[in-house]
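Here are a few notes to read alongside the model.

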Amino acid sequence: MLTGPGSSLELAQLIADCGARSVLVVTDRVLVELEVVAPLVTALKEAGLAVSVFSQVEPDPTISIILAGIEQLRASGATAVLAIGGGSPIDAAKAMIACCASGRRPEKLDGYFKVGAPVMPFFAVPTTAGSGSEVTVAAVVSDPGTGRKFAIVDNQLVPAAVALDPNLMVGLPAGVTAATGMDALTHAIESYLSTLATPASRALSVAAARAIFRDLQQAWQNGRDIHARQSLAKASCLAGLAFTRASVGYVHAIAHQLGPLYHLPHGYLNAILLPYVLDFYLDGAASRMAELARACGLGRDGDDPRSLAASLIVAIRQLNADLGLPPTIEQIAEADIAEIVKRALAEAHGTYPVPTYMSAHDCAAVVRRAAGRAMAAKGGD
Ligand SMILES: NC(=O)c1ccc[n+]([C@@H]2O[C@H](COP(=O)([O-])OP(=O)(O)OC[C@H]3O[C@@H](n4cnc5c(N)ncnc54)[C@H](O)[C@@H]3O)[C@@H](O)[C@H]2O)c1
Ligand SMILES: [Fe+2]
């Protein structure tokens, strides 16, 4: 892992040193237009590599975008892939190399360890501080046919080398900075509360959460603050390392249903859902939440565990407000809630090591509150 301003340019030489001769850059149109990609392409060429660019990735990449990328990957003859972008280009690139190795379509790789054959050398330069995808085993793909997001999970999908270069993040709009930073905080908190967490993964979660509480608002306010950008890039990466070990929980399970349905960004949904899911955990996981609150410097000595746990939720609601994020997701339609709950629980109860379980009834109440309809939950709540 290379870090620091300008480190992405050093990665170009490292890719050449790994023996690749021809590389496909996977990115999106916005990053090409903002000229985030051009200096890296130049550096790759100067390192002696042939370069082609696939820039059709869109937020929450779909199966058809991945198939188009695979076509270009094959036509280009590239022997290595470099993803430059947020979670969307990094995940699209992961799905592309997984499909190329296995000879199967993305939806056939839904689940764990189905790739089966070695993937080509893969590198990443994150341009958001959020998904942590640069260090995780997962690629999240959207299927507009079913309205679902699914994950291709394989150890080989962790990039061989990564550059965390804050220079590339200075143009990230404030709204995206807020949403992606809160995605990283959600990774840190859900992985901390996971029953699969270890002392080592909890240390990573805590380091990430502390840095996000400390620096996210500054990066949101002043996007050109390189120190805050570097801190968040590192925090997002640490949270990625924590959750690729200990997984996520109900916040992600619910957000994954709402994203495709209402076309809202992943981090934005996580940010708003997080305090409502933690409200639910107060009864079953207060001591872990209290521990995390103390580690983040929240609450006061002598507070009982439930008050400390509540102080974590208060701090998240305050941070959301400070970042201009709304307290509720008004787009959630009452008529959709039963299906959202069914799908979220199917996702969570498949593999997520949540600290305490929700019934369908509990989950519907959480979604209703997050929709700003606490009153409507009466009777059914
Ligand atoms: N694989 C994983 O482990 C994992 C974890 C969490 C989320 N995800 C997935 O990642 C995706 C979301 O990724 P994301 O939140 O990083 O956002 P993104 O990649 O979708 O990017 C969001 C927007 O920000 C723009 N952008 C990105 N970097 C920029 C920069 N430096 N300057 C200006 N604009 C920039 C993009 O062009 C895009 O319009 C979702 O599909 C989500 O499901 C994956
Ligand atoms: Fe996430």
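**Notes on the core and the ligand shell**

1. A246 is buried, because 24 other C-beta atoms lie within 10 Å (buried means 20 or more such atoms within 10 Å, with C-beta atoms placed from the backbone). This is a predicted model: local features need pLDDT of at least 70, side-chain atom pairs count only at pLDDT 80 or more, and totals for chains, interfaces and linings use all residues. Residues are numbered from 1 along each chain as its sequence is written, while chains are lettered from A and ligands numbered from 1 in the order in which they are written.

2. A246 belongs to helix 8, residues 226–246 (helices are DSSP runs of H or I, at least four residues, numbered from the N terminus). Beyond its neighbours within four places in sequence, A246 is in contact with S191, S194, L196, A197, S201 and P353 (contact means C-beta atoms within 7 Å).

3. The largest nonpolar core has 139 residues (a set of buried Ala, Val, Leu, Ile, Met, Phe, Trp, Tyr and Cys joined through C-beta atoms within 7 Å). Helix 8 gives the most to this core, 11 residues. At least three core residues come from each of domain 1 (2–169) and domain 2 (174–377), with bounds from an automatic or database domain assignment.

4. Now for the ligand. Of the 32 residues around ligand 1, V30, P59, G86, G87 and S88 come nearest (a residue is near if its C-beta atom lies within 6 Å). Helix 5 provides the largest share of this shell, four residues.

Methods:
Helix = DSSP H or I, 4+ residues; strand = E, 2+ residues; numbered from the N terminus. Buried ≥ 20, exposed ≤ 12 C-beta atoms within 10 Å, placed from the backbone. Contact = placed C-beta atoms within 7 Å.
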